[in-house]
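This report looks at charged side-chain pairs and at the pairing of strands. Please view the sequence and the structure together while reading.

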Amino acid sequence: MLPLPRHLVSILLLLFALSQSAAADTLGKWRGQTVYVPVYSHIYGDDRYRGTPFLLTATLSIRNTDPDSPLTLKSIRYYDSDGALLQEYLEKPVSIAPFGSIRYIVPESESKGGAGAKFLVEWEAGSPVIEPIIESVMIGTKMQQGISFISTGRAIKGTPAH
C-alpha cells in the first residue's frame, strides 16, 4: 500500500478537526429542559426481610457542565411511586455557575417516596449551554451491609439551542 501524500494527509486531518469542532458546537446545547430522575427512598433486598424495606438516603446532584455560562433551576419537585407530589425543593429560582454544582438530600427517614420515587428538575439558561449532568445517588447501611448506586436523569422535554 502506497503512503498518502503529506498535503492530502494534512487536508484530511483539517477536515476531521473541522467536523469535530462543528459537532462539539452543536452537541448537547440546550436552552432548557425538564429532566426525570429516578430516586429510591428504599429498596427490597431479599426474602429474609419479608418485604421490609431497606431505607436509603438519596442525594440529587445537579452539575453545570458548561465552562462559560450559568444555568438556572426553575423547579425541583419530588414525587412518590404513585406520582403524588411530596415536596417542592425550590421557593425561588437558583443559579448554578459555570462548572458549579448543587445537591439536595432526601433523608433516610423519608420513606414515603418508595421504590418508584422520582424528581422532576426544570432548568433554563439565557444562552445555549452544554447539557448538565443530573443524577441521584442512593446510599444506605443496615447492620454490616451497605449499598450505594446512582441513577441518571433523562430529559423528557426540552428547548434545543437552534
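## Terms and basis

A salt bridge is counted when a side-chain nitrogen of Lys or Arg lies within 4 Å of a carboxyl oxygen of Asp or Glu. Side chains of opposite charge can pair when their charged atoms come close.

The model is predicted, so local features need pLDDT of at least 70 and side-chain atom pairs count only at pLDDT 80 or more, while totals for chains, interfaces and linings use all residues. Residues are numbered from 1 along each chain as its sequence is written, and side-chain values use heavy atoms, with hydrogens and water left out.

## The salt bridge of K74 and E124

By the rule above, the count comes to 3 salt bridges. One of them joins K74 to E124, with 3.9 Å between the closest N and O atoms. The two residues belong to distant parts of the chain: K74 is in strand β5 (residues 71-79) and E124 is in strand β9 (residues 118-130), 50 residues apart. Strands here are DSSP runs of E with at least two residues, numbered from the N terminus.

How accessible are K74 and E124? Buried means under 20% relative accessible area, exposed means over 50%, and partly exposed lies in between, with a 1.4 Å probe and protein chains only. K74 has 40% relative accessibility and therefore counts as partly exposed. E124, with a relative accessible area of 36%, is partly exposed.

R77 forms a salt bridge with E88, at 3.1 Å from N to O. This pair also links distant parts of the chain, with R77 in strand β5 and E88 in strand β6 (residues 85-88), 11 residues apart. R77 is partly exposed at a relative accessible area of 26%, and E88 is partly exposed at 32%.

The side chain of R77 meets that of E122 in a salt bridge of 2.9 Å, N to O. Because E122 lies in strand β9 and R77 in strand β5, the pair ties together parts that are 45 residues apart in sequence. E122 is partly exposed, with a relative accessible area of 21%. Through shared partners, the salt bridges join R77, E88 and E122 into one network.

## Strands that pair with β5

Strands of a sheet pair through backbone hydrogen bonds, either parallel or antiparallel. Two strands count as paired if DSSP finds at least two bridges between them. Strand β5 is joined to β9 by 7 bridges, and the two run antiparallel. In this pairing R77 stands opposite L120 of β9.

Strand β5 also runs antiparallel to strand β7 (residues 94-96), with 3 bridges between them; L73 stands opposite V94 in β7. With β6, strand β5 pairs in the antiparallel sense over 3 bridges, and Q87 in β6 is the bridge partner of Y78. The hairpin of β5 and β6 has 5 residues between the strands, and G83 takes a positive phi near 90° there.

## The open sheet

Which strands form an open sheet, and in what order? The sheet has 4 strands in the order β8-β4-β10-β11, with antiparallel pairing. Its edge strands, β8 (101-106) and β11 (145-152), each pair on one side only.

Strand β4 (residues 57-63) and β8 run antiparallel and are joined by 6 bridges. R63 has S101 in β8 as its bridge partner.
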